[in-house]
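Could you walk me through this structure in my viewer? Please tell me what to select at each stop, and what I will find there.

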Amino acid sequence: MKVKKYVAETMQDAIFKVKADLGPDAIILNTSKFKTGGFLGLFTRTMVEVVAGVEEKNTENEQQNNLALQEIVELKNMVYEMHKSWENDRFLQELPEEMIEIYKYLNEQGVYNTLSKEIIKLLDKRNPETRDELLSCLKLILREYIGEGQGIVLNGQKKVVAFVGATGVGKTTTIAKLAAHFVLDEGRKVCLITTDTYRIAAVQQLQTYSDIINIPIHVVYNEKELEKLLNFDLKGKYDLILIDTAGSSWNDRFQLGRLKRLFKDNLIDEVHLILSLNTKSHIQKEIIEKFSIVKPDKLLLTKLDEANKFGDLLNIRNFCKLPYSYITMGQNVPDDIKTADVDILVDYLIGDLDV
Ligand SMILES: Nc1nc2c(ncn2[C@@H]2O[C@H](COP(=O)(O)OP(=O)(O)OP(=O)(O)O)[C@@H](O)[C@H]2O)c(=O)[nH]1
Ligand SMILES: [Mg+2]
């Protein structure tokens with residue numbers, strides 16, 4: 001029991017103090033009066049002293065309840081895991097050996113378990129009879145999940161395309177690769193804009209590429225300058241304008257807010273959200289959610305050369321249906337980039353599958 005002493009001028013005040021401090025369950029253990037103050041026995045005041053206590057049973061109970069709840073949650077999780085593994089075993093038992101191999105392979109590639117199962121079920125339904133049939137059915141299913149890649153298609157149109165993404169995913173390098181491709185392979189008039197004015201080196205980095213490819217570059221500091229460039233100074237002069245942006249952490253609301261303001265006037269035809277494939281799946285999900293603020297049209301995947309698993313090519317589909325535009329697989333400008341051809345992506349995913 002928690003016991004405390006309260007002093008007040010009246011019993012009522014003392015009890016009020018007790019209740020306020022110990023709550024309605026408090027009990028009075030002792031009361032007494034005493035005199036205080038005054039001079040030579042005059043002007044003294046009579047005070048009331050109350051000793052009250054409250055059972056600490058409640059907090060102990062609360063702790064016990066919390067412990068019990070925690071145990072229940074742990075037990076529930078255990079049952080769920082057991083059920084999952086039992087279901088898994090049953091699921092596997094009913095499958096032919098080659099399908100089990102494929103299922104395991106997809107799991108090793110980091111494909112979400114539910115997604116692997118879904119794919120195996122679809123495969124099983126198609127009832128392939130030979131090994132070749134099995135592989136081509138699997139490829140067809142994966143193709144459907146991954147979807148056709150959609151690079152930048154000009155078809156006589158002039159386009160403004162912006163690239164956004166987390167810090168260091170390869171935005172600037174990818175823009176240089178694309179600029180070189182459109183200038184050298186397609187003979188287009190290309191111009192670069194950078195809004196990445198936070199790091200001095202960032203402008204310099206793009207400037208170096210623009211010098212090598214021999215195309216103009218503009219640096220803009222705010223949305224007004226961007227609007228002026230796109231609406232007046234550069235309007236109609238280039239087949240393709242590529243916009244680089246400052247990398248922002250997906251938690252950086254300031255940078256994301258700035259991006260949103262930059263893009264608000266519908267001056268941009270396509271926004272590509274760049275994702276590095278060496279980032280963990282659950283973080284990809286967060287990044288896609290955070291960057292949805294700038295309404296990306298396509299996803300561009302970088303650093304495939306650094307990834308050792310390719311399950312995310314499918315996992316990303318679970319939370320985002322935007323088409324893949326390009327993939328990059330190295331630091332070399334301009335070579336290490338390809339349109340996100342669905343067959344190439346399927347090969348990345350099941351290239352060394354042997355059933
Ligand atoms: N291995 C590999 N490295 C790449 C690839 N693309 C870019 N990089 C490297 O990744 C690093 C960062 O590239 P940047 O292009 O500066 O990335 P960014 O997104 O512009 O970075 P910030 O502007 O700082 O946000 C550089 O060292 C690039 O060479 C790729 O496909 N594979
Ligand atoms: Mg950059």
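## Stop one: the ligand

Start by selecting ligand 1 and the residues around it: helix α6, residues 171–185, gives the largest share of this shell, with 4 residues. Keep in mind throughout that this is a predicted model. The shell holds 19 residues, and those that come nearest to ligand 1 are Lys171, Thr172, Thr173, Asp305 and Thr328.

Now look at some individual atom pairs. Select threonine 173, where a polar atom of the side chain lies 2.4 Å from an oxygen atom of ligand 1. Next, show the backbone of glycine 170; one of its polar atoms is 2.9 Å from a ligand 1 oxygen. How much of the accessible area of ligand 1 does the protein cover? On its own ligand 1 has 650 Å², and the protein covers 84% of that.

Move to strand β10, residues 324–328, and pick out isoleucine 327. Is isoleucine 327 buried or exposed? Its relative accessible area is 0%, so isoleucine 327 is buried. For a sense of distance, also select leucine 67: its C-alpha atom and that of isoleucine 327 are separated by 50 Å, and the two residues are 260 apart along the chain.

From there, go on to proline 334, in the loop between β10 and β11 (337–339). The peptide bond that joins valine 333 to proline 334 is cis, with omega at about 5°.

## Stop three: two asparagines in loops

Backbone angles are the theme here too. Most residues other than glycine have a negative phi. Select asparagine 155, in the loop that runs between α5 (131–146) and β4 (159–165). Asparagine 155 is not a glycine, yet its phi is positive, at about 40°. With a relative accessible area of 66%, asparagine 155 is exposed.

Then select asparagine 214, which sits in the loop between α7 (200–213) and β6 (217–219). Here phi is near 65°, again a positive value in a residue other than glycine. Asparagine 214 counts as exposed because its relative accessibility is 66%, and the cut-off for that class is over 50%.

Which helix holds lysine 228? Select α8, residues 223–233, and you will find lysine 228 there. Show its side chain together with that of aspartate 233: the two make a polar contact at 3.1 Å. Lysine 228 has a relative accessibility of 47%, so it counts as partly exposed.

## Stop five: a patch on the surface

Finish with a surface view. Select Met1, Val3, Ile27 and Leu29, which form a nonpolar patch on the surface. Together these four residues have about 350 Å² of accessible area. Methionine 1 lies in the segment before β1 (2–8). Is it buried, exposed or partly exposed? Methionine 1 is partly exposed, as its relative accessible area is 42%.

Key: Residues are numbered from 1 along each chain as its sequence is written. Chains are lettered from A and ligands numbered from 1 in the order in which they are written. This is a predicted model: local features need pLDDT of at least 70, side-chain atom pairs count only at pLDDT 80 or more; totals for chains, interfaces and linings use all residues. Side-chain values use heavy atoms; hydrogens and water are left out. Patches are made of residues with over 30% relative accessible area and no salt bridge: like charges are joined within 9 Å, nonpolar side chains (Val, Leu, Ile, Met, Phe, Trp, Tyr) within 5 Å. Accessible areas come from the Shrake-Rupley method with a 1.4 Å probe; for residues, only the protein chains shown count as cover. A salt bridge is a side-chain nitrogen of Lys or Arg within 4 Å of a carboxyl oxygen of Asp or Glu. Buried means under 20% relative accessible area, exposed over 50%, partly exposed in between (1.4 Å probe, protein chains only). A residue is near a molecule or strand if one of its heavy atoms lies within 4 Å of it. A polar contact is a pair of N or O atoms within 3.5 Å; within protein, one must be able to donate a hydrogen and the other to accept it, and residues adjacent in sequence count only if both atoms are side-chain atoms.
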